[in-house]
Structures are given as C-alpha cells and as structure tokens.
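I have opened my notebook and want to look around this model one spot at a time. Come along and check each entry against the picture.

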Amino acid sequence: MLEQIRLTHPLVYGNFSAIEGGEEHLRALLAIDRYWEQLDCPVPEVVREGERPAAEAELSGSFDILYAGGTLGMLHAAVMAKRYGYRVLVIDRGEPARSTRDWNISRSELHRLADTGVFTIEELDSFILRSYRTGWVEFHVPEARRKRLFMDGVLDCAVDADKLLALAMRKVLETEGSKVMARTSFISCSRFADHVEVEAAGPDGSQLRFGAKVLVDAMGIVSPVAMQLNRGQPQTHVCPTVGTIASGFEDADYDVGEILASTEPAEIFPGGGRQLIWEGFPAKGDEYITYLFFYDSVDSPNDKSLLGLFETYFRKLPTYKEPGAGFAIHRPVYGIIPAYFHDGAGCTRVVSDDRILLLGDAASLASPLTFCGFGSMVRNLERLTSGLDRALRHGTLDRETLAGVSAFEHNVSSMANLMKYMCFDARTDEPDFVNELMNEVMIVLDALPLRYRQAMFRDELKLDELVTVMLRVAWRYPRILKATWDKLGVQGSVGFLRNLAGWAMSPSTKHS
Ligand SMILES: Cc1cc2nc3c(=O)[nH]c(=O)nc-3n(C[C@H](O)[C@H](O)[C@H](O)COP(=O)(O)OP(=O)(O)OC[C@H]3O[C@@H](n4cnc5c(N)ncnc54)[C@H](O)[C@@H]3O)c2cc1C
C-alpha cells in the first residue's frame, strides 16, 4: 500500500516507511478518507425493520448492549458493565481500545471520570503522561500587534489514551457475560419490537449475528448508522487533523502547551483555500505531539483528505518546530474531527432511533473548537450511562427517550457556530482574515477576567459571557459584521440566534 503513494505523496511515503506499523497506519488513514467517497454514494441501508427473529441457536451470542466501535464506546461500555452489571459486547473492525489520536484535557476534567465510580482518581492520574505549567494561543499577524494569550488549566495534561482505554476494556472483561471482539465489523442491524439483531463480519470474514436490547453506535465519523439516520448528511463541518508523536525537536518547550498557533496566512488554491493551524503538546519523556489542521464546511471545494494534509504536514513541519539531528517519529496521529450546525433551538441532528443510540463522533455533538469528542464524553459520561441504565430498566428504548441521553449541550452547540468564522473561504475572505479576527478575540479575552479564556477553551462559557466576548470583538473589529453575513448568511444567522435562544431557555441557564 505504501508503494502506491511513493510518487503521489513522497513525504508521507518516506516518513511512514520509517515508522513501525506505517503500512497499517496508512490503511487506517485511507479507511477514514473513504468518508468523502461515502458522501457521494447512495446512503446505505444498514438499519432495517426485522422480518423474522433468529432462533437462540442461530445467534452467535446475546447481550444487553452491543457497542459497534471500541474507542469512546469502550469507556461507556466499562461503566454499563462494571457499575450497572449489564452484559455488553464491544466489536471493533480494528483493535478495540486503541486510538489513532492522543488526548489532552485538564486534570480536574479528567477526574470527572471518577464520578462514574468505575475509575479511581489514582488510576486516572496514572494516565497523565505529562502536565504543563501553562499554555498559549497565538495567530499570525504583524508582530507588533500579535497577542499571545496565556491560559492555565486548559488542555494542560497529555493523557495516554491507549492505557486509559485498556483499563476500560479490562473492566468490561471482568464483568461476567461481557465480551470484546477485535477485527469484527458491524454490517447491519435488524430491529424487532423487543430487541435488535446485529450482523457482523468476524476476523476471518465469517458472518456473525448477535442479539441485544440496544445497539450503541460508536463507530466515529465513518458510522454508516449515523449516515443513514441523518440521510447522508451526518456532518455540516469538519476539521481534518494530522500529526505525529515524535522526539528530537530543536525548539520544543516541554513545560508549555501550544493550544492553537498559526504561522502564516491562509493558503490559496485554484477554487479554494484553507487556514492551517498548528498545535504542540509535550508528551512523555522527550516526546512531543504536533498537529496540523483546518476548519472547513463539508461541501467546500477544498481537498480535505488526511493523506493530502499529511503531505503538507511533513513539508511545513520545519516552519513550526525544527526537527533536529536526532528527530524520530514514534507514531502518526490523525482523524477527521466532526461538527454539526443545529439549525434550531435544540438538537436537530438525529442521534438516536428506536433501540439505537449514537455516541462520540458518531453523534457529532462535541465542539471542534479546541475540545472535541473525548472532552465531551468525559463531561457527560455519568449522565449518558445513568440515562441509558434508566431507559433499559424502564424498557423505554424509543427514539425520543434515547435522544434525551445524548451528549447534546446548548452551550456547545452555540459555541460551535464560532467555528464557521474560522473556515476560510477564498471567495469572500482576505488571506489574513482568520488570523486578524482571532488575534482580536485574543486581545478581547486578555482584557477580561481569567475565567473567560479558560471557560471559552473548556466549553464552559456562560451565555452572558459569550455575548460579552462577541460584542467586544464586534466593537474592536467591525469587519466581523460583514463576515457574519458572508459566512453565516440569513439561515446561519437565524440558526445561531435560535441556538442562543435555546441556550437561554435551557434549564441549566435558567437556574444559574
Ligand atoms: C489528531 C486528533 C487529536 C485529538 N485530540 C483530542 C483532544 O486532545 N481532546 C479531545 O477531547 N478530543 C480530541 N480529539 C477528538 C477525539 O479523538 C475523538 O472525538 C474521539 O476519538 C472519538 O471517538 P469515537 O470512539 O467516537 O470515534 P473513533 O475514535 O473514530 O473510533 C471509532 C471506532 O469505531 C471502529 N469502527 C469504525 N467502523 C466500524 C465498523 N463498521 N464496525 C466496527 N467497528 C468500527 C473504529 O475502528 C474505531 O475504533 C482528537 C482527534 C484527533 C483526530
């Protein structure tokens, strides 16, 4: 497979060839890139009303909950198995409990996983590879006007994702009757009045059929279930992200996280353009994680493939962090971070169906601004698991009840609108648009109490705080008014207002 990209993507070829498991990573990356082809294909029908339930003997196993997807799905499964005693089956088409990314979060947020009673604080602390003194955000404008905004307690711990997931998997396996199956792909789901039957393909291609009371779809952005339930439009925006965990940089500061950093104006191509943004996070020992990404709408003409972005990453890396003589890549990290614009006062994306619940990136309810699916899962895990337990006990596994146990948060859906301003559009924007705007946001945040910057970058901003920030930015930077028209249009602006109205009316806002 690597040979096939030798001429088209020479830098990816060279670097992946030198990484252990490079071929396997390329395969996984191309599987995610197939997302773009799927959007052009007829929507697959993977959820069907069942005609004839299988006899017990025809099933490969029966469980309370079947999880398709073993990354964030594994965290949820651990709680449902260990705390509530359900018999769960987790299937993953690759290796379960392995992530193609690494996660940053603050210690206090990570500790919220202990609220489930399944993880102890000591266990959670043991997954923190490194914590930093502080972090900053900075956008590329002339140096005299450039604001480097420092903030503490934001994404300041690098978490060993695979260790955390491995512990979650152990907790699943410790529960009698629960099971985890690797290299087992979800194929389809037949639904009956009192159960679902999931057809899967085993490691050797064999056909398997499992019974369960409920299917949890945790297959990430490529989920065919999310694709079907959302009629072929599972996301409105995306953030393709690639990077590496490497050692041997000349200029890495191991005490400080670089939360967002741009180093140049937007790149312009014939028919399109994108504003590239870097992130840099120290990890264990001398390892350092660098990411390159951009925000975009799903239907823009830009090349959004991870393969193409990786070629750019290797070409531009020295402009961000200088690889020294001992530079070595340990692991690539990559994925498409999903986002969804809810055109209404509440959740307008389909995140459930009768006996089916979507989780993590398959549900696409996280904000892609800085915190993404892991942060959202950590914040909501207690609520998501107790909600599903209640639905199972009461036998209320209908679409509406399950929608109520989703990770939808009014503040996050409103804040996600801000991402639209960071989607560079070559038809309307000057190449410095995103950098100038974001620099103004940093200046405004710098003048406000520390809580504002922390809350903004931890998805915890309150409605009045967001309005304060927006008004101050508009006052300093009136260009944003035209940009609002260009980027949001009438539908997007009305939608944003409806998101804010929904937030204002939500019980959490009314009672705060
Ligand atoms: C580079 C990068 C860095 C990130 N850093 C952070 C961070 O610092 N903090 C944060 O909060 N978030 C971060 N995120 C986001 C976070 O990683 C995701 O939100 C999270 O991984 C989503 O998990 P998931 O289980 O929903 O989906 P995925 O991670 O995509 O996992 C889906 C799983 O489903 C399996 N699967 C797919 N199809 C099938 C099938 N047909 N049958 C069976 N199994 C299937 C896959 O093999 C995979 O294991 C980052 C994302 C990226 C790309």
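**Entry 1: two helices**

Which residues in helix 3 meet which residues in helix 9? I found Leu-72, Leu-75, His-76, Val-79 and Met-80 in helix 3 meeting Gly-373, Phe-374, Met-377, Leu-381, Leu-384, Thr-385 and Leu-388 in helix 9. Contact here asks for C-beta atoms, placed from the backbone, within 7 Å. (Ala, Val, Leu, Ile, Met, Phe, Trp, Tyr, Cys and Pro count as nonpolar, Asp, Glu, Lys and Arg as charged, and the others, Gly among them, as polar.)

Before going further, I wrote down that this is a predicted model, where local features need pLDDT of at least 70, side-chain atom pairs count only at pLDDT 80 or more, and totals for chains, interfaces and linings use all residues. I also wrote down that residues are numbered from 1 along each chain as its sequence is written. Helices (H or I, at least four residues) and strands (E, at least two) are DSSP runs, numbered from the N terminus.

Next I looked up the geometry: helix 3 and helix 9 pack at an angle of about 30°, with their axes 10 Å apart. That makes helix 3 roughly parallel to helix 9. (Axes are lines fitted to C-alpha atoms, for helices over the stretch in contact, and angles run from 0 to 180 degrees between N-to-C directions; under 35 degrees counts as roughly parallel, over 145 as roughly antiparallel, 65 to 115 as roughly perpendicular and the rest as oblique.) The crossing of helix 3 past helix 9 is right-handed. (Right-handed means that the near helix is turned clockwise from the far one by less than a right angle, left-handed that it is turned anticlockwise.)

**Entry 2: the ligand**

I asked how many residues surround the ligand. There are 37, and the closest are Gly-69, Gly-220, Gly-335, Gly-360 and Gly-373. (A residue is near a molecule if its C-beta atom, placed from the backbone, lies within 6 Å of it.) Among the elements that give two or more residues to this shell are helix 3 (72-82) and helix 9 (373-394). Strand 20 gives the largest share, 4 residues. By class, I listed 18 nonpolar, 15 polar and 4 charged residues in the shell.

**Entry 3: Val-441 and its helix**

I went to Val-441, which sits in helix 13 (residues 433-447). Is Val-441 buried or exposed? It is buried, with 24 other C-beta atoms within 10 Å. (Buried takes 20 or more such atoms within 10 Å, exposed 12 or fewer, and partly exposed lies in between; C-beta atoms are placed from the backbone.) From Val-441 to Ala-474 I noted 33 residues in sequence and 9.6 Å in space, C-alpha to C-alpha.

Helix 13 packs with helix 15 (residues 463-476) at an angle of about 120°, the axes being 9 Å apart. That makes helix 13 oblique to helix 15. Glu-440, Val-441, Ile-443, Val-444 and Leu-445 of helix 13 make the contact with Val-469, Arg-472, Val-473 and Arg-476 of helix 15. I sorted this contact into 6 nonpolar, no polar and 3 charged residues.

**Entry 4: two arginines**

I stopped at Arg-231, which has a positive phi of about 50° although it is not a glycine. Arg-231 lies in the loop between helix 7 (224-229) and strand 13, and it is exposed, with 9 other C-beta atoms within 10 Å. I then found Arg-355 with a positive phi of about 65°, and it is not a glycine either. Its place is the loop between strand 21 (352-353) and strand 22 (356-358). Arg-355 counts as buried, with 22 C-beta neighbours inside 10 Å.

**Entry 5: a glycine in a helix**

My last stop was Gly-502, in helix 16 (residues 479-505). Gly-502 is partly exposed, with 19 other C-beta atoms within 10 Å. Leaving out residues up to four places away in sequence, I found that Gly-502 touches Ala-345, Gly-346 and His-410.
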